[in-house]
Amino acid sequence: MADVEQNAAVPDGSSNGSDAVNGTAGRFVSSAEGTALAYGSLLLMALLPIFFGALSNLDNNASDMPETITSRDAARFPIIASCTLFGLYLFFKIFSQEYINLLLSMYFFVLGILALSHTMSPFMCRVFPAQLPNKQYQLLFTQGSGESKEEIVNYEFDTKDLICLGISSVVGVWYVLKKHWIANNLFGLAFALNGVELLHLNTVSTGCILLGGLFVYDVFWVFGTNVMVTVAKSFEAPIKLVFPQDLLEKGLGASNFAMLGLGDIVIPGIFIALLLRFDVSLKKNTRTYFYTSFLAYIFGLGLTIFVMHTFKHAQPALLYLVPACVGFPVLLALFKGELTEMFSERHDSVHLEEKTKMPRPQLCGSTLN
């Protein structure tokens with residue numbers, strides 16, 4: 001997972017934090033107010049997709065999800081992530097960084113547009129004028145003919161979805177051309193929200209396996225090698241949230257950023273969403289474990305920022321987030337005598353008999369069959 005970092009220079013908005021990722025080159029001594037604003041903004045941006053993604057995650061059923069993460073998936077994930085990370089490291093060592101980042105920019109351009117459109121759709125439903133016609137459309141791809149005809153893609157959408165797609169495309173072009181930090185954050189928040197909303201853990205044990213494995217992964221690749229730092233310095237993509245520490249001095253053209261990787265939001269976020277489903281499964285009309293883990297995340301991320309600011313060195317956020325997000329809820333369950341229920345039951349949406357009464361924003365008219 002990407003680290004929490006500070007004092008990363010982004011000249012002319014063209015590298016999006018790829019220079020001085022370890023805070024040693026182009027060092028900028030920010031004001032106390034600028035530093036506090038940057039850290040506070042990162043914390044707020046991290047909390048938004050976790051909170052709203054968890055609520056949306058609660059009402060997702062099996063048809064809404066690509067798949068539920070099982071214990072086997074969780075155990076393999078750190079290995080797959082390590083292979084991917086090392087593969088990127090070799091690619092950047094062997095091939096031209098410029099061409100690799102061009103391919104990555106196109107890839108994340110498409111993904112970002114789709115993710116941002118999906119995120120905007122519920123809000124567009126509320127603000128779209130009722131006087132305007134909302135026409136329905138269908139995109140259908142089939143394979144074969146006659147009785148052997150098989151649907152490959154059957155996507156239904158409407159005018160509101162087209163407007164969302166148009167706005168998202170403008171943001172995408174802005175990001176590709178300028179690599180501006182605001183465009184980066186719009187895509188990053190959309191990725192994080194969709195990740196927390198659509199990824200499901202089936203049990204608390206699976207969540208502990210996933211977070212424990214990524215805890216080791218994060219610490220090893222940050223402190224044990226230079227692989228993650230090298231990839232982070234070379235990789236240009238909206239896979240992190242950034243906020244300028246010199247915003248007060250330079251305005252929107254600021255170029256020295258504090259950063260937070262999306263993995264440090266999504267991975268703890270899906271575990272927090274799992275604990276919300278556990279709250280619902282207890283049928284006590286409380287959200288004790290959800291709010292405990294949510295506050296634990298704030299504590300863990302705050303501790304990460306404090307240590308980084310104190311020692312002036314990038315930190316693997318999962319080093320602090322995993323013990324906090326797992327430890328506090330487990331201790332609470334032990335205190336309340338609910339530890340057995342926490343680890344012995346499945347808490348994916350298919351097995352919940354009661355849904356939360358908190359409203360979940362729905363997509364306007366888009367469905368994918």
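Which residue of strand 4 does Gln136 stand opposite? The first close-up has the answer.

**View 1. The hairpin of strand 3 and strand 4, in a predicted model.** Gln136 faces Asp158 of strand 4, and Gln143 has Glu150 of strand 4 across from it. Strand 3 covers residues 136-143, strand 4 covers residues 150-158, and the two pair in the antiparallel sense over eight bridges. Pairing here takes at least two bridges found by DSSP. Six residues sit between the strands of this hairpin, and Gly144 takes a positive phi near 90 degrees. Helices (H or I, at least four residues) and strands (E, at least two) are DSSP runs, numbered from the N terminus.

Two notes go with every view. Residues are numbered from 1 along each chain as its sequence is written, and side-chain values use heavy atoms, with hydrogens and water left out. Since this is a predicted model, local features need pLDDT of at least 70 and side-chain atom pairs count only at pLDDT 80 or more, while totals for chains, interfaces and linings use all residues.

**View 2. The chain as a whole.** There are twelve helices and eight strands here. Of the 369 residues, 50% count as buried; that label means under 20% relative accessible area, exposed means over 50%, and partly exposed is in between (1.4 Å probe, protein chains only). The accessible surface of the chain comes to about 17500 Å², and 67% of that belongs to carbon and sulfur atoms. Areas come from the Shrake-Rupley method with a 1.4 Å probe, and for residues only the protein chains shown count as cover. Take the contacts between residues at least 6 apart in sequence: 77% of them join residues at least 24 apart. A contact, by the way, means heavy atoms within 4.5 Å.

**View 3. Helix 7 and what covers it.** In helix 7 (residues 227-234), the buried residues are Val227, Met228, Thr230, Val231 and Ser234. They span an arc of only 160 degrees around the axis, so they end up on the same side of helix 7. The arc is taken from the directions from the helix axis to the C-beta atoms. As for the cover over these buried residues, it includes helix 2 (71-94), helix 3 (97-127) and helix 6 (204-224).

**View 4. The largest nonpolar core, around Phe271.** This core has 85 residues, and Ile265, Phe271, Tyr289 and Tyr297 have the most contacts inside it. Helix 9 (residues 263-282) gives the most to the core, with 13 residues. To belong, buried Ala, Val, Leu, Ile, Met, Phe, Trp, Tyr and Cys residues must be joined through side-chain atoms within 4.5 Å. Skipping residues up to four places away in sequence, Phe271 touches Leu201, Val204, Gly207, Cys208, Leu211, Cys325 and Val326.

View 5. Leaving aside neighbours within four places in sequence, Leu282 is in contact with Tyr289 and Glu338. Leu282 and Met342 are 60 residues apart in sequence, with their C-alpha atoms 9.5 Å apart in space. Asn285 is not a glycine either, yet has a positive phi of about 55 degrees. With a relative accessible area of 67%, Asn285 is exposed.

**View 6. Leu214 and Val170, buried or exposed?** Leu214, found in helix 6, counts as buried because its relative accessibility is 0%. Val170 lies in helix 4 (residues 159-178) and counts as exposed, because its relative accessibility is 55%. Val170 and Ala183 are 13 residues apart in sequence and 9.7 Å apart in space, C-alpha to C-alpha.

**View 7. Two spans from the UniProt record.** The unreviewed UniProt entry carries the annotation "transmembrane region" for several spans, including residues 36-55 and 288-311. Positions follow the numbering used here, feature names are shortened, and such annotations may be inferred rather than shown by experiment. In the model, residues 36-55 are 100% helix and 0% strand, with end C-alpha atoms 29 Å apart. Residues 288-311 are 100% helix and 0% strand, and their end C-alpha atoms are 34 Å apart.
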